[in-house]
Amino acid sequence: MFQIGKTIVSEEIIQKDFVCNLSVCKGACCVDGDAGAPLDEEEARILKEIYPKVKPFLRKEGIAAIEAQGTSITGEDGELETPLINGADCAYVIFDKSTALCGIEEAYNQGEVSWKKPVSCHLYPVRVQDYSEFSAVNYHHWHICDDACSLGKELQVPVYKFVKEALIRKFGEDWYMELEKTAASISK
């Protein structure tokens, strides 16, 4: 572990390799699991605001789940998250043939909204846990991403480089530059 500003960072985000391999996993992270994507209060507000523009990109099952539960929900752990369809798929998931994609991101890609998707999704496999004095930045291994780990190793792309845009979005350019310096010193 090492510290950058008010974050404690796991060395695994430098040491582990990762590149999403959608052709193999088919976006399983959007449909597997037992909870929606973690959200903060600002993201929950944004989802509520942009929902009318995202709605046309969603499946009817997702629309029904959102209209029944809300654009965000409070999960069993008391934290905000995206709603699920029948306790499984994220309500915002759409499919391109058999591959799960994000309806919010599709609306973003089509220029309908200026918000890409929840930062927790954008950061994956990095997970951030906020505490009163600091944030913990950790690598999360999920067996459904084993092919992403293999592809990352083959391409020699460490986790922190794969999620560079998301880390900058979350912590800023200066934070990321400090991470790169730390990575260079650890890798020596």
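A residue is buried under 20% relative accessible area, exposed over 50%, and partly exposed in between. Lys26 has a relative accessible area of 33%, so Lys26 is partly exposed. This structure is a predicted model.

**Backbone angles**
- Most residues other than glycine have a negative phi, and most peptide bonds are trans.
- Lys26 is not a glycine, yet its phi is positive, about 60 degrees.
- Lys26 sits in the loop between α2 (22-25) and α3 (41-54).
- Asn86 is not a glycine either, and has a positive phi of about 50 degrees.
- Asn86 belongs to the loop between β5 (84-85) and β6 (89-90).
- With a relative accessible area of 78%, Asn86 is exposed.
- The peptide bond from Tyr124 to Pro125 is cis, and its omega is near 25 degrees.
- Pro125 lies in the loop between α6 and β9 (126-130).

**A buried loop residue**
- Val163 is in the loop between α8 (159-162) and α9.
- Val163 has a relative accessible area of 2%, so Val163 is buried.
- Leaving aside neighbours within four places in sequence, Val163 is in contact with His122, Leu123, Tyr124, Pro125 and Val126.
- Val163 and Leu123 are 40 residues apart in sequence, but their C-alpha atoms are 5.7 Å apart in space.

**The α9 and α10 pair**
- Two packed helices are described by the angle between their axes and the distance between the axes.
- Helix α9 (residues 164-171) packs against helix α10 (residues 173-187) at an angle of about 130 degrees, and the axes are 7 Å apart.
- The two helices, α9 and α10, are therefore oblique to each other.
- From α9, the residues Lys164, Leu167, Ile168 and Phe171 meet Glu173, Trp175, Tyr176, Leu179 and Glu180 of α10.
- The residues of this contact are six nonpolar, three charged and no polar.

**Nonpolar cores**
- The largest nonpolar core has 26 residues, and those touching the most other members are Val9, Ile13, Val126, Tyr160, Leu167, Trp175 and Leu179.
- At least two residues of this core come from each of several elements, including β1 (2-4), α1 (12-15), α7 (146-155) and α9.
- Helix α10 gives the largest share of this core, four residues.
- Another core, of 20 residues, lies apart from it and includes Ile50, Tyr51, Ala65 and Ala91.
- Not counting residues up to four places away in sequence, Leu167 touches Leu123, Val126, Tyr160, Gly172, Trp175, Tyr176 and Leu179.

Note on methods
Residues are numbered from 1 along each chain as its sequence is written. This is a predicted model: local features need pLDDT of at least 70, side-chain atom pairs count only at pLDDT 80 or more; totals for chains, interfaces and linings use all residues. Side-chain values use heavy atoms; hydrogens and water are left out. Axes are lines fitted to C-alpha atoms, for helices over the stretch in contact, and angles run from 0 to 180 degrees between N-to-C directions. Angles under 35 degrees count as roughly parallel, over 145 as roughly antiparallel, 65 to 115 as roughly perpendicular and the rest as oblique. Contact means heavy atoms within 4.5 Å. Ala, Val, Leu, Ile, Met, Phe, Trp, Tyr, Cys and Pro count as nonpolar, Asp, Glu, Lys and Arg as charged, and the others, Gly among them, as polar. Buried means under 20% relative accessible area, exposed over 50%, partly exposed in between (1.4 Å probe, protein chains only). A nonpolar core is a set of buried Ala, Val, Leu, Ile, Met, Phe, Trp, Tyr and Cys residues joined through side-chain atoms within 4.5 Å.
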